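Subject: Structure handover

Hello,

Here is the structure to keep with your notes.

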Amino acid sequence: MIKVSGLTKDYGARRAVHNLNFNAQQGEIVGFLGPNGAGKTTTMRILTGYMPPSDGEAIVAGYDVVEESLEVRKRVGYLPETVPLYTDMVVFDYLKYMGDLRRLPDVEDRVDEVLDMVGLLDRAQGYIGNLSKGMRQRVGLAQALLHSPEVLILDEPTIGLDPNQVVEVRELIREIGKEKTVLLSTHLLNEAQNLCDRVLIINKGKIVAEDTTENLQARLLGAERVVVKVRGDGDQLADTVKEVKGVRKVETLEDGAVEFEFASGKDLRPEVAKHVIKTGYDLLELRPLGMSLEEIFIELTSYDGKKK
Ligand SMILES: Nc1ncnc2c1ncn2[C@@H]1O[C@H](COP(=O)(O)OP(=O)(O)O)[C@@H](O)[C@H]1O
Ligand SMILES: [Mg+2]
């Protein structure tokens, strides 16, 4: 369980985090979604007891992060943004060392258990320095899981991983999230959508939106935008696309492709494809455009009637 109220952090004159309020429950994966500099890492450092807030309160696993930071650390697993791993240590020895620091009983058995959980048992005797980035990230996760924490705080857990590794690490987090409280940060919308039960969108130190992943998607996708490309000269393409009922905001792009949108839930791509082909064009591409995070923030902040 995480319970945050009025959390604020200033670095000198710079306010990095401003009056955050949110909760996360056991069995829930909550995503912190925001661009670089939004305040994700700062918040996570406060929640793990590594840094006090300037104002406000955070209760993690039942303890106050300032007043009872040792109790918090016993119950929280933390995967920092850059995992400080000792490259010249053997995987098993590193985890045993971390377990000893935490004074865990039966450390060696526990290390085997977490290595099994993260799928690294066969690399236990290898040097950390010889592992791929994805495997190192899993060592970091193993370290975070070592003391069976109630709460896991994962700072950009898939950053820098190749696509296969991303899939593996996400599966692992999903598994972990069934039992624990997980707060993870990401600057990737699809990761938040893919992994989280609930998303907090943070920008410039403030939460600008909070919702279930499904609701957020529905809110964001008031309209869907698509690019259509044809072979050769597409001079009249925009006019052709405009003829399809329900199509809005048709624009011709520099390369001759045409962009348009339609109300979400009513996919007009088949109609547009048919009409374009019937008109005599060779259809090359009909591609949905994802929204950038920046566009999402604009959308959400204007949606709430706040000033941008
Ligand atoms: N140790 C620090 N000293 C001063 N400013 C910092 C420090 N750490 C972060 N900041 C500033 O606080 C803001 C939030 O940073 P951070 O929490 O790292 O964001 P995120 O993790 O979302 O990228 C940024 O403007 C950043 O430059
Ligand atoms: Mg960060």
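Leaving aside its neighbours within four places in sequence, which residues is R136 in contact with? They are V83, L85, I128 and L131, where contact means that the C-beta atoms of two residues, placed from the backbone, lie within 7 Å.

Before the rest, some conventions. This is a predicted model, in which local features need pLDDT of at least 70 and side-chain atom pairs count only at pLDDT 80 or more, while totals for chains, interfaces and linings use all residues. Residues are numbered from 1 along each chain as its sequence is written, and chains are lettered from A and ligands numbered from 1 in the order in which they are written.

R136 sits in helix α5; helices (H or I, at least four residues) and strands (E, at least two) are DSSP runs, numbered from the N terminus. R136 counts as buried because it has 21 C-beta neighbours inside 10 Å. The cut-offs are 20 or more other C-beta atoms within 10 Å for buried, 12 or fewer for exposed, and partly exposed in between, with C-beta atoms placed from the backbone. From the C-alpha atom of R136 to that of R198, 62 residues along the chain, the separation is 27 Å.

Four strands, in the order β2-β1-β4-β5, form an open sheet with antiparallel pairing; strands pair if DSSP finds at least two bridges between them. β2 and β5 (63–64) are the edge strands, each pairing on one side only. β4 (residues 55–60) and β5 are joined by two bridges, and I59 has D64 as its bridge partner in β5.

Ligand 1

The shell around ligand 1 consists of Y11, R14, A16, G34, N36, G37, A38, G39, K40, T41 and T42, counted by a C-beta atom, placed from the backbone, within 6 Å of the ligand. α1 gives the most to this shell, with three residues, and both β2 (14–24) and α1 (40–47) supply at least two.

Regards
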